[in-house]
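Please look over the sequence and the structure first; the notes follow by topic.

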Amino acid sequence: MTALLLSITPAARAETVLPVGRAQSFWLHLNSTPVSDATIAVEAKRRAHIALNAWEGELLRKLKAVNPDVKVYVYKDLSSTRSYACKNGVDDAQLPTGLGYCDVRKRNPEWFLRDKNGRELAYSGYDGHWQMDVGNTAYRKAWVQSVVANAKATGFDGVFLDNALFTCDTYHPGVCPAKYPDDASFQRAYRGMLAEVRRGFTAAGLKSVANLSNARLQRGAWDSYSTYLDGGFDEWWLTFSSGKLLEDYELGWRKQVAQIAANETHGRMTWVQPHFDVGDTRAFRYALASLYMTTTGEAAIAEIAKTDGYGDPTPWHPEYEWNLGYAAGSYRAVAEKVYRRDFACGVALVNANPTGSAKVEVLLHRAHRDHEGRTVRSVQLPGTTGVLLRAPCPSGL
């Protein structure tokens, strides 16, 4: 049943139009799976950003040979050192972290974080991950110096920083470090670490993108961390599975969409990762249309079907090739939790009401083409759905 019928006229053209063009996409290749030359030839040209492990220097060089402009980042965990990356007392030459477990164990055991009983904190569910004291000035400097040297020597454009954490009991529920017994002190330590990252990376000409997962649940967290970064990665963005799509409320849809706007106001990137089953067009379109609500062209999207499934490239969609042209201002509400943003060559529509809520019909001001290429003059959107629609571009675009 249709809940509401709306006839919307085009938004007034903003004084300064914002370029959006096509959606960007990224690829997190972190599971060290083989990559064929045929895959490299395709993905190097169509992905804006690619993250690799430190030991994949040869893959980096192949990607750059195909497309010198693709930005390639090295994965480094901001928060841990890994005992599995040390064999017979010698740390691996190429690490998933900034510093080697055996070297830190020998030279600076005080850098291991401990609980109130003096026990070192390990990550629950991740064998061989030991939490480091990011609030320690000496640790910060050593970490940045090591990561910068490694990234520059291999030829990476930047660093993908995993685990910029917000809660003091992350990875060990109910147990906080003795040194940081609450989230406020824990986050102060991370802001200090990111400030050191900023200084060192800027001097070295390296970009930084950090995993800021669940920032929406912490007041001011996204902005306070992002100020030190070139970009933020939201690991769980809008769709948590095919059956769980995030609706609009204070800490829901509007908060995650606002993350993109906040970053792009300051010239920063946002990488978003929705989770859903392969072939779930509803979840994909909801996520993509939501991204278009605020991006000015610096946001990138890549879905994932299985948590930590960072092997083969994520699916490529025809919509990534669409060019909607300039945005005619910001997005606006056209009904309760139903949003629209107009572009020179199309429109993005999102119904962010709960899944299962009544359809809302939106009348368009001109004929558009939908995802299947059909001509439409109105669309009906159930809760947690979205669409991109194309229209003829004005002359000159």
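**Surface and overall form**

The accessible surface of the protein chain comes to about 16,700 Å², and 51% of that surface belongs to carbon and sulfur atoms; accessible areas come from the Shrake-Rupley method with a 1.4 Å probe, and for residues only the protein chains shown count as cover. This is a predicted model, in which local features need pLDDT of at least 70 and side-chain atom pairs count only at pLDDT 80 or more, while totals for chains, interfaces and linings use all residues. Residues are numbered from 1 along each chain as its sequence is written, and side-chain values use heavy atoms, with hydrogens and water left out.

**Fold and packing**

- The protein chain has eight helices and 21 strands; helices (H or I, at least four residues) and strands (E, at least two) are DSSP runs, numbered from the N terminus.
- The protein chain is as compact as a globular protein of 397 residues, because its radius of gyration is 22 Å, close to the 21 Å that the globule rule gives for that length. The radius is taken over C-alpha atoms, and the rule is 2.2 Å times the number of residues to the power 0.38.
- Taken along the principal axes, the box filled by the C-alpha atoms of the protein chain is roughly 70 × 45 × 40 Å.
- Of the 397 residues of the protein chain, 56% count as buried. Buried means under 20% relative accessible area, exposed means over 50%, and partly exposed lies in between (1.4 Å probe, protein chains only).
- Among contacts between residues at least 6 apart in sequence, 65% join residues at least 24 apart; contact means heavy atoms within 4.5 Å.

**Charges**

**Disulfides**

- The structure holds three disulfides. A disulfide is a covalent bond between the sulfur atoms of two cysteines; the cut-off used here is a pair of cysteine sulfur atoms within 2.5 Å.
- With the bonded cysteines of the protein chain numbered in sequence order, the pairing reads 1-2, 3-4, 5-6.
- Cysteine 86 is joined to cysteine 102, with an S to S distance of 1.9 Å. This pair links distant parts of the chain, 16 residues apart: cysteine 86 is in strand S6 (residues 86-87) and cysteine 102 in helix H3 (residues 101-107). The link of cysteine 86 and cysteine 102 is left-handed, with -100 degrees about the S-S bond. Cysteine 86 is buried at a relative accessible area of 13%, and cysteine 102 is buried at 19%.
- Cysteine 168 is joined to cysteine 176, with an S to S distance of 2.0 Å. The disulfide of cysteine 168 and cysteine 176 is right-handed because the torsion about its S-S bond is about 45 degrees. Cysteine 168 counts as buried at 4% relative accessibility, whereas cysteine 176 counts as partly exposed at 22%.
- Cysteine 345 and cysteine 393 form a disulfide with their sulfur atoms 2.0 Å apart. The pair links distant parts of the chain, 48 residues apart: cysteine 345 is in the loop between strand S17 (338-343) and strand S18 (346-351), and cysteine 393 is in the segment after strand S21 (385-390). The link of cysteine 345 and cysteine 393 is right-handed, with 125 degrees about the S-S bond. Cysteine 345 counts as buried at 3% relative accessibility, whereas cysteine 393 is partly exposed at 38%.

**Isoleucine 40**

- Isoleucine 40 is found in helix H1 (residues 37-46) and counts as buried at 3% relative accessibility.
- Not counting residues up to four places away in sequence, isoleucine 40 touches Val35, Leu59, Lys62, Leu63 and Val66.
- Isoleucine 40 and glutamine 256 are 216 residues apart along the chain, and their C-alpha atoms are separated by 32 Å.

- Serine 32 has a positive phi, near 60 degrees, in a residue other than glycine. Serine 32 is found in the loop between strand S2 (24-28) and H1, and is partly exposed with a relative accessible area of 37%.
- Asparagine 163 also has a positive phi, near 65 degrees. Asparagine 163 lies in the loop between strand S9 (158-162) and helix H5 (183-204), and is buried with a relative accessible area of 6%.
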